[in-house]
Every structure is written in structure tokens, then in C-alpha cells.
Amino acid sequence: MSLFISGVREVDGNCERVEKDEDAQFFTLYSNKSGPSRPVEDFMSRDCAEKYLSLLEACQRARNQFYAAGYEPKADSMNPTECLLAQLIAAISKATGE
């Protein structure tokens, strides 16, 4: 899944992406898993959107490292790594609305 931020402006009741930040009324984090991109979350500033994106990408990298090491997510596991992986997956899903 790729994530990106775009400035957005409401025009005649429709939200449109803008090229220049100074033209934006707010900033939206978009997800492009497959097919057309979809909005994930809106932010009042690019800075806030970038902080959210950084945290989300860090969670995704940690999840990928656990998978690469051969761990499987198990929420009720006595293995703390399997439990942590399940928590990361849940946090990513909640943050992206998937």
C-alpha cells in the first residue's frame, strides 16, 4: 500500500486536490492499495499529516520486519512478539480504515 499527502480545497461542495500547499484548505492522507486512491484522514496542516504518515510508515516497517523474521500475528499468544505483531496489524488497520 502506498500512502501520500495532498493539499485539498473544497470547491462548490466537492473536494479537489491542489498542487500548491498555499491553495489548500486542509491536507488529506490518501491510500493507494490497488485501483483509485482513497482518503484515509484529513488534517488541518501538512505538518500534522506528515507526522501521522511517519508514525504509520514506522508501524508498517516494524510489521514487515516481524513477518520477515517468520512471526505470525497471534493476539492471545504467550509469545510477546506474536502479540505485538497482532497489535501492530490492528493499529495499521484502524489508522488506514481497512
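Helices (H or I, at least four residues) and strands (E, at least two) are DSSP runs, numbered from the N terminus. With that naming, Arg-38 is found in strand β4.

## Basis of the report

This is a predicted model, in which local features need pLDDT of at least 70, side-chain atom pairs count only at pLDDT 80 or more, and totals for chains, interfaces and linings use all residues. Residues are numbered from 1 along each chain as its sequence is written, and side-chain values use heavy atoms, with hydrogens and water left out.

## Helix α1

Helix α1 covers residues 46-68. Its 23 residues, at 1.5 Å a residue, should span 33 Å, and the end C-alpha atoms are 32 Å apart, so the two values agree. The expected span is 1.5 Å times one less than the number of residues in the helix. After α1 comes Gly-70, which has a positive phi near 95°.

The buried residues of α1 are Ala-49, Leu-53, Leu-56, Gln-60, Arg-63 and Phe-66. Buried means under 20% relative accessible area, exposed means over 50%, and partly exposed is in between (1.4 Å probe, protein chains only). These buried residues pack against strands β1 (2-11), β3 (26-32) and β4 (38-43) and against helix α2 (80-96).

The 17 residues of α2 should span 24 Å at 1.5 Å a residue, and its end C-alpha atoms are 24 Å apart, which agrees. Among the buried residues of α2 are Cys-83, Leu-85, Ala-86 and Leu-88. The cover over the buried residues of α2 includes β4 and α1. Leu-85 has a relative accessibility of 0% and therefore counts as buried. Leaving aside neighbours within four places in sequence, Leu-85 is in contact (heavy atoms within 4.5 Å) with Arg-63, Phe-66, Tyr-67, Tyr-71, Glu-72 and Pro-73. Leu-85 and Phe-66 are 19 residues apart along the chain, and their C-alpha atoms are separated by 6.8 Å.

Two packed helices are described by the angle between their axes and the distance between the axes. For α1 and α2 the angle is about 145° and the axes are 10 Å apart. Axes are lines fitted to C-alpha atoms, for helices over the stretch in contact, and angles run from 0 to 180 degrees between N-to-C directions. The crossing of α1 and α2 is left-handed. A crossing is left-handed if the near helix is turned anticlockwise from the far one by less than a right angle, and right-handed if clockwise. On the α1 side the contact includes Tyr-52, Leu-56, Cys-59 and Phe-66, and on the α2 side it includes Leu-84, Leu-88, Ile-89 and Ile-92.

## Aromatic rings

The whole structure holds 3 aromatic pairs. Rings of Phe, Tyr and Trp (its six-membered ring) pair if their centres lie within 6.5 Å; planes under 30 degrees apart count as stacked, over 60 as edge-to-face and the rest as tilted. One of the pairs is Phe-43 with Tyr-52, which is tilted because the planes stand at 55°, with the ring centres 5.1 Å apart. Phe-43 is buried at 11% relative accessibility, whereas Tyr-52 is partly exposed at 25%.

Another pair, Phe-66 with Tyr-71, is edge-to-face, with 6.2 Å from centre to centre and 90° between the planes. Phe-66 is buried, with a relative accessible area of 19%, and Tyr-71 is partly exposed at 29%. A charge is also placed over a ring: Arg-17 lies over the face of Tyr-30, at 4.1 Å from the ring centre. This term requires NZ of Lys or CZ of Arg within 6 Å of the ring centre and within 35 degrees of the ring normal.

## Residues in and around the strands

Val-8 is found in strand β1 and is buried, with a relative accessible area of 1%. Not counting residues up to four places away in sequence, Val-8 touches several residues, including Val-18, Ala-24, Phe-26 and Tyr-30. Val-8 and Ala-68 are 60 residues apart in sequence and 37 Å apart in space, C-alpha to C-alpha.

Arg-38 of β4 is partly exposed, with a relative accessible area of 30%. Beyond its neighbours within four places in sequence, Arg-38 is in contact with Leu-29, Tyr-30, Ser-31, Thr-96, Gly-97 and Glu-98.

## A loop residue with positive phi

Most residues other than glycine have a negative phi. Asp-12 is not a glycine, yet its phi is positive, about 55°. Asp-12 lies in the loop between β1 and β2 (14-18) and is exposed, with a relative accessible area of 77%.
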